[in-house]
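Here is a short report on how two chains meet. Look at the structure first, then read on.

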There are 2 protein chains.
Amino acid sequence: MWLSIETPEHMIDAIQNLSIRGAPLLGLAGIYGLYVSAKCSTTFSQFLVYSQKIRNARPTAVNLSKMVDRILERYTSITDLGILQDLLLREAFHYEKELEEESNLISTFGATLIETNDSILTHCNTGSLATLGLGTALGVIKQSYFQGKNISVFFTETRPLLQGARLTSYELWKSEIPATMIIESSVGFVMQNKLVNKVIVGADRIAVNGDTANKIGTYMIAVLAKENKIPFYIAAPCSTFDKKIQSGKDIMIEYRSGNELSPMFEENQQNIINPAFDITPIEFISGFITEKGILKQPDL
Amino acid sequence: MWLSIETPEHMIDAIQNLSIRGAPLLGLAGIYGLYVSAKCSTTFSQFLVYSQKIRNARPTAVNLSKMVDRILERYTSITDLGILQDLLLREAFHYEKELEEESNLISTFGATLIETNDSILTHCNTGSLATLGLGTALGVIKQSYFQGKNISVFFTETRPLLQGARLTSYELWKSEIPATMIIESSVGFVMQNKLVNKVIVGADRIAVNGDTANKIGTYMIAVLAKENKIPFYIAAPCSTFDKKIQSGKDIMIEYRSGNELSPMFEENQQNIINPAFDITPIEFISGFITEKGILKQPDL
């Protein structure tokens, strides 16, 4: 399904309802969001109001706000909306190429960590549907497979919105990579029974000390990996590192509607809390796979 | 909804599709299973064939096979199917009382561990819908609340079959106990953020060394509890201890159909593995709450 986005309101909606998701892709959505904002504005100040709404559409993945800030700063002297549109479109095309190269470099660097007969666990979706090119964590898996390594993959269904069951499942199937889906509750089971020997996941924001925000459940997987002596890697572009955030406790976590869980049980009127992300402290992370290479600690 | 079971085939089906579930209740289902087997048999040897099918309907919860074995051994000399029916019905009524007392004792002993302002995490369903009386782990929670302790409760939705969202949610709502539902992926998050300070769950089989089989995800919760220095208790009747099993690695784990997860994604043709239980090693367990008191190590 293709989504045609013509207005800033539609872009914000697409970001908030996760039609567009994945940290790297949210950066690109930021630029296109500015483009449709310029297109739909009659005054420069209206454009600025839209820009801030786009910037703040989702709080946890740094790529969105960082990109909007960077672009606005770059063209601070341009107030002509027509010229701005041309510049923004050019930025978007340029960034698409960058994203694709970035994710392919991450995939290639990451693949050096993967050996034949490895069985890799991943969580959520970090493939072509979350960035461009091969992906981040899923890109590493694909690249390893394309290099001829005999690997197997376990992926979580990823509650509540099933990004694993819907998106990762699709990408692995398209790439013809042998894979097995599990519920998140089985992560401990597959580790305990030595069905996986490596974990690779993505990231939404990485603090200066290396603490990492990613899809809810990542912390749980990291703790289980450490307990079972399984290396746990984060694959993410350098743009995911946030120099303004010292440690994980300063990362703002987005809470989403409880309706994402089990709308059919609403009549029982139970509270639901539905944080979209959690923080994995640096001591659980074996390394970061970036487009510049593999870092054992974030070297900022 | 009430289910009227008249044949051994129907009882086996009800056990396998989880219409009847919960380790203590499976013991009772074993006796009633023998009763309908006796009722539907024309010969004693036919009764014995049915008995073994009932006994093996589900492999992990010890209560079912143990109860069938115990009853068959007790009446080994009775081959008259009419007399057997009477005796079995009497056994069933007797065991119903026993189950109820047992779960109420567990609830009362367990409540001594709970203080006002505690926030308790539980998993799956271990209430009146899994046993009779108040329940096991959920019974402890209810009893503490009925004693006037100001507690709060977090419970998991419990993938794949949502026993938390369907059953525990209903029981807590009926008892008017303030409770919050989370996905299993949020267990680490709520511990990390100090939203819970105790964990109580049930058990399906406990080995001689204390290793415990329970609903898939329990091991994961126990590892996270230890990492976050949160006490982790098992509430279960003594009948859940299996003297024939030395340690967790000897407990047979039931694998269920992948269709329980996401039948709508079948077209992607991914494998699914769906273990129904996992094993929590004794080192993660703070204590066992039984009808005979609280054991810090299983004293068999």
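Predicted model: local features only at pLDDT ≥ 70, side-chain atom pairs only at ≥ 80, totals over all residues.

Within it, Ile272(A) stands opposite Met181(B), a residue of strand 3 of chain B.

Now widen the view to the whole contact. Chain A brings 53 residues to it, and chain B brings 53 residues. Between them the chains bury about 4200 Å², and carbon and sulfur atoms give 60% of that area. Three residues stand out on the chain B side: Ser185(B), Phe189(B) and Gln270(B) supply 15% of the area that chain B buries against chain A, more than any other three residues.

Polar links also join the chains. There are two salt bridges between chain B and chain A. One of them is formed by Glu157(A) and Arg159(B), whose closest N and O atoms are 2.6 Å apart. Polar contact joins 14 residue pairs across the two chains, both residues being at pLDDT 80 or more.

Which elements of chain B give two or more residues to the side that touches chain A? The table lists them.

| Element of chain B | Residues |
|---|---|
| Strand 2 | 152-156 |
| Helix 7 | 163-174 |
| Strand 3 | 179-182 |
| Helix 8 | 187-192 |
| Helix 9 | 218-227 |
| Strand 8 | 271-272 |
| Strand 9 | 277-280 |

Helix 7 of chain B gives the largest share of this side, six residues. By class, the side of chain B that touches chain A holds 32 nonpolar, 14 polar and seven charged residues.

Notes: Residues numbered from 1 in each chain as written. Chains lettered and ligands numbered in written order. Heavy atoms only, no water. Contact = heavy atoms within 4.5 Å. Buried area = accessible area lost by both parts, 1.4 Å probe. Salt bridge = Lys/Arg side-chain N within 4 Å of Asp/Glu carboxyl O. Polar contact = N/O pair within 3.5 Å; in protein donor to acceptor, adjacent residues only side chain to side chain. Helix = DSSP H or I, 4+ residues; strand = E, 2+ residues; numbered from the N terminus. Nonpolar A, V, L, I, M, F, W, Y, C, P; charged D, E, K, R; others polar. Pairing = 2+ DSSP bridges.
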